[in-house]
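Trainee: I have a structure open and would like to learn how its features get their labels. Could we go through some of them together?

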Amino acid sequence: MAICNVCHRRCDLKEGQSGFCKARKCVDGVVTAANYGAVTSIALDPIEKKPLKLFYPGTKIISVGSYGCNLRCPFCQNHEISYDLDLFPDTRFIDVKDLAELAVEYLHGGNIGVAFTYNEPLVGYEYVVDAAKEVHRRGLKTVLVSNGCVSREVCEKVTEHIDAMNIDLKGFSDEYYSKVLGGDRRMVMDFIEYAAKKSHMEITTLIVPGYNDTAEEMEKLSYWIANLNGGSGAKDIALHISRYFPRFKMKDVPATDVRLIYKLAKIAKKNLEHVFIGNC
């Protein structure tokens with residue numbers, strides 16, 4: 001048996017058993033990334049789609065995803081590759097050097113590098129690190145889009161190889177994180193606090209009606225971001241406030257009122273210089 005060190009779940013795995021994320025497996029007594037190099041999704045996206053507004057705006061980036069996730073957000077828009085694994089299409093193996101060379105091939109199309117996204121990339125952090133090294137060797141940029149719910153050990157291994165991140169800070173309540181998402185808010189906050197010192201950082205909060213949509217919560221969340229890095233977070237870190245739409249297991253919850261999104265953005269702007277609205 002072996003214990004996985006990636007996130008708050010600390011899965012204790014028997015030989016051949018997969019973890020909660022469905023991407024890590026115990027092989028010969030060691031927990032490894034079963035999804036290493038297994039690509040489910042790849043596309044050339046505008047950098048703003050990550051979303052990153054302050055990092056090389058107007059450029060594009062090769063976005064690549066695998067499978068697996070350590071959360072269980074009931075409104076997940078990528079659930080087929082996150083944990084409904086019977087639904088996702090066949091994977092194809094892409095070697096890290098081949099991925100980096102593909103990024104080079106698309107330089108003429110405005111590409112600046114590779115983004116690890118779509119599913120939760122850090123349940124297969126080994127591939128992220130290995131691929132990021134190859135991308136950097138070719139003088140290109142690396143981006144991570146993550147829920148940030150991973151251990152400090154993994155955080156430290158990954159951040160030195162990433163140029164920019166967008167991390168989901170899905171709310172500012174422990175109850176919401178634990179009961180609705182199956183995550184650990186403090187772990188995400190620790191990740192952001194550490195990574196913001198190493199990489200360009202932007203944060204996304206999806207506003208779900210009745211769950212994380214109060215003015216008080218947005219005030220606390222934006223104030224915390226503003227005070228990161230000795231207070232430099234107010235001007236250095238962008239917050240993306242995104243509108244929720246009914247999907248997956250939460251089709252009974254109506255879309256967020258656009259007026260509420262603008263109201264919460266106005267509150268956040270009291271603490272932050274860069275506040276952006278999404279899905280409106």
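Mentor: Gladly; we will take a few helices, strands and ring pairs in turn. Keep in mind that this is a predicted model.

Trainee: Let's start with helix α5. Which of its residues are buried?

Mentor: In α5, which spans residues 174-181, the buried ones are Y176, Y177 and L181. Seen down the helix axis, these residues fall within an arc of 100°, so they line one face of α5. The face turned away from that buried side carries E175 and K179, both exposed.

Trainee: What makes Y176 count as buried?

Mentor: Buried means under 20% relative accessible area. Y176 has 3% relative accessibility, so it is buried.

Trainee: What do the buried residues of α5 pack against?

Mentor: They pack against β11 (164-168) and α6 (185-195). Look at the two ends of α5 as well. At its start, a side-chain oxygen of S173 comes to within 3.4 Å of the backbone nitrogen of E175. Just after α5, G182 has a positive phi of about 75°.

Trainee: How do you know that the contact between S173 and E175 is a polar contact?

Mentor: A polar contact needs a pair of N or O atoms within 3.5 Å. Here an oxygen of S173 reaches to within 3.4 Å of a nitrogen of E175, and that is within the cut-off.

Trainee: Now α6. Why is this helix called mostly covered?

Mentor: Eight of the 11 residues of α6 are buried. They are R185, M187, V188, M189, F191, I192, Y194 and A195. What covers them includes β10 (141-146), α4 (152-159), β11, α5, β12 and α7. The N-terminal end of α6 is capped by D184, with a side-chain oxygen 3.1 Å from the backbone nitrogen of R186.

Trainee: Why is strand β12 described as largely enclosed?

Mentor: Eight of the eight residues of β12 (residues 200-207) are buried, so the strand is largely enclosed by the rest of the structure. H200, E202, T204 and L206 point one way, while M201, I203, T205 and I207 point the other way, and all are buried.

Trainee: How do you know that β12 pairs with other strands?

Mentor: Two strands pair if there are at least two bridges between them. Five bridges join β11 to β12, and these strands run parallel. In this pairing, M165 stands opposite M201. Six bridges join β12 to β13 (residues 238-243), again running parallel. There, E202 stands opposite A238.

Trainee: How many aromatic pairs does a search of the whole structure find?

Mentor: The search finds five. One of them is F172 with W224, whose ring centres are 6.2 Å apart, with the planes at 50°.

Trainee: Which partner does Y176 have in an aromatic pair?

Mentor: Y176 pairs with Y211, with 6.0 Å centre to centre and 45° between the planes, and this pair is tilted. Y176 lies in α5 and Y211 in the loop between β12 and α7, so the pair ties together parts that are 35 residues apart in sequence.

Notes
Residues are numbered from 1 along each chain as its sequence is written. This is a predicted model: local features need pLDDT of at least 70, side-chain atom pairs count only at pLDDT 80 or more; totals for chains, interfaces and linings use all residues. Side-chain values use heavy atoms; hydrogens and water are left out. Buried means under 20% relative accessible area, exposed over 50%, partly exposed in between (1.4 Å probe, protein chains only). Helices (H or I, at least four residues) and strands (E, at least two) are DSSP runs, numbered from the N terminus. The arc is that of the directions from the helix axis to the C-beta atoms. Contact means heavy atoms within 4.5 Å. A polar contact is a pair of N or O atoms within 3.5 Å; within protein, one must be able to donate a hydrogen and the other to accept it, and residues adjacent in sequence count only if both atoms are side-chain atoms. Rings of Phe, Tyr and Trp (its six-membered ring) pair if their centres lie within 6.5 Å; planes under 30 degrees apart count as stacked, over 60 as edge-to-face and the rest as tilted.
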